[in-house]
Amino acid sequence: MGDSVAASKAKPNLNSFSPVHTKDEAYLQTVIPKRIVIFESINNQQTLNRLALSPDPIMITLTDGKEKSGQKWNTTPFDVAKEISKSLASNALIAKVNGVLWDMNRPLEGDCRLELFTFDTDEGRDTFWHSSAHILGEGFYYDAFYGDLGLNEDHFRQIEAAAKKAVDEKQPFERIEVTREQALEIFSDNQLKLEIIKDLPEDKTITVYRCGPLVDLCRGPHIPNTSFVKAFSCLKASSAYWRGNKDRESLQRVYGISYPDQKRLKEYKSMLEEAKKYDHRELTKKQELFFFHPLSPGSCFFLPHGSRVCNKLLEFVRSQYWKRGYEEVWTPNMYNMQLWETSGHAANYKENMFVFEFEEMVRLDFTAGIDVPLALHLRTEAKTVHVNLCPSPYSYHIGDIDLLVSRKGLSMEKNTCMLIHLMCASAFRMGLLLAVQFKWNLKVETNYFAELPLRLADFGVLHRNEASGALTGLTHVRRFQQVKDEVKGVLEFISHVYKLFGFTFDLKLSTRPEKYLGDIEVWEKAETALAEALNEFGKPWEINEGDGAFYGPKIDISVSDAMRRKFQCATLQLDFQLPARFNLSYSAEDETKRERPVMIHRAILGSVERMFAILLEHYKGKWPFWLSPRQAIVCPVSDKSQAYALEVRDRIHDAGFYVDVDTTDRTINKKEVTDDEVLLFSFLGCTFDPVTSHDTVVREAQLAQYNYILVVGEKEVGTGQVAVRIRDSNDANRKSIEDLLNHFKDDVAAFR
């Protein structure tokens, strides 16, 4: 990161590559050859050193248990793939050696367990796309520094042409390990890369890759060579601040996509076009569901029809809680910072917290019993924000920003400050920890082993406007069968919900990250418990190494919608650490002993707002009846049937369904058959049927995504019926109001 695309690809032929500033040509002509010379010198020396090592025999164990023999420092994953089959050697993109991603042409260093991955795996795709970024000269979701240059379609065509040339040349990806001093020498001309190198931990292995003229600082790994990337396309560009800091350099971020063949690229672009048509930001304009406003940036204003869907989702989840033995609790939005220090969140996520400075810093003192709301006037740069809080003697944690707060007119201690800590809560509501701890500390009689597992649910409002459906289950540490049973129960809960939504989903077990709390032995027990639960659940799953939460391993669930797009929504986390940090305990079977519980954190929807958007696009704006904000509309044929239309509306509304009635002059004037025409039909001996008339108003109701269009005329008034049309069908039939309501109830019960 830091060089322009031209810098990354310039020389041997600068003009054939991506956009170049004239003023940069001399720089490129100097920098690129220098990097290549240093790289080749180090690479040659490392190759000689490796060849001097003893090629001792090693044993390579494959995923199916079969074993292959090889030579230490000589045999590569590619050699093993060739021995298995020619097809595998032609398609394997990346390997894993003892769980660590490994270049296909990198020699093995000892006995190992070997896995090979093609493009059809997550590991293969991720490596393929990362390597494509290098091929396109820092183009795929890569930040490139161009100074004042902006990228456009002409630049994209130049980038793609240069990338095609690189692919045709079948350039290999070569890897070297360098010392910190060598890395600083290679990238001495690039201040941004020097910054990255200087920030690396002292014990961090630094790797550099070469692909054609591009020599780049990169942890890798990569595909064997450029020829695997046979189809690619630049999609768009945007600006991005270096390391997300608005006070730093503005970079160009280029987005793109690549595939092993043109067919898949074409399918992907077709999917993008389809997704544009059903973008939730466009659908909401037609359905009047929600909007955003700069007065509350990043926060969603749900309109009445959007609120209907949110309420239905919450009602649905609440009903599932009831069936599955969860108790709902309400927790605060704000907490003393001590909570997050105790939990470990402050230490692990503090870099994501932002500080606003104010005119006067004071500590608020509410110990005198003041009981009026506190109005805060917060000023940052040119913006002024008003926040209302209930008084409390604490500093608070409510979102993802630190606020230093000033307040006049109350008893206060001068020269100090109060912090209102705003940080996005993790997958679970930390308030549940307090609720559980209070339950134990207050010696309530439900603190015995026989009361476990305790299942709690919370619909907390987060200040990223996410409504978290997080639960906490408690279970005996020593009874791992109970842990597995609880985890399987949550997985079945998730499966039930997603099946109703029409989602398929994938499971990944995310294991211990680099930054973690607790002992490795406890982590291994937790990971084993989740793995066994996944095996007993019976659905295929994968390992996601090093992506667990800092307090415990987790199961990540990604859903696939109707357009085959994947979204991370649900999560399930097994936590042995926080109960210890918060000193939670319960009475064991031997009442003289206190035991430590285990916590299971889980979310089904993730956030209601995000799930709302995913479902809106998944259904392409056509909500199923049970979730629909527009379940029915009553359309009277004429003024003579309006009173009956209102009566039908009232009965449906009283039965608990969302229903509108169309009695506007605008709509009536658009109806194709007038009352005079009805009389004319009668005079001529013809039969007028409202079920097959009024196509315009019915079509309008269908476009508005009403599930049922109920047409009523004089015949329906006389028989007490309605003519029923379905949103996606031209078929129609008559029903009595009672039969219609029963039909609606059946739709809701079956989640149709």
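Rings of Phe, Tyr and Trp (its six-membered ring) pair if their centres lie within 6.5 Å; planes under 30 degrees apart count as stacked, over 60 as edge-to-face and the rest as tilted. This is a predicted model, in which local features need pLDDT of at least 70, side-chain atom pairs count only at pLDDT 80 or more, and totals for chains, interfaces and linings use all residues. Residues are numbered from 1 along each chain as its sequence is written, and side-chain values use heavy atoms, with hydrogens and water left out.

**View B. An edge-to-face pair.** The ring rule gives 28 aromatic pairs. One of them is Phe-119 with Phe-128, edge-to-face at 4.9 Å centre to centre, with 75° between the planes. Phe-119 is buried (under 20% relative accessible area, with exposed over 50% and partly exposed in between; 1.4 Å probe, protein chains only), at 8%. Phe-128 is buried too, at 0%.

**View C. A stacked pair.** Phe-291 and Phe-301 are stacked: 4.9 Å centre to centre, 5° between the planes. Phe-291 lies in strand S12 (residues 290-292) and Phe-301 in strand S13 (residues 300-302), so the pair ties together parts ten residues apart in sequence. Strands (E, at least two residues) are DSSP runs, numbered from the N terminus. Phe-291 is partly exposed at 35% relative accessibility. Phe-301 is partly exposed at 33%.

**View D. Charges over rings.** The charged end of Lys-236 sits over the Tyr-255 ring, 4.8 Å from its centre. Such a contact needs NZ of Lys or CZ of Arg within 6 Å of the ring centre and within 35 degrees of the ring normal. Arg-512 lies over the face of Tyr-516, 5.3 Å from the ring centre.

Note on methods
Helix = DSSP H or I, 4+ residues; strand = E, 2+ residues; numbered from the N terminus.
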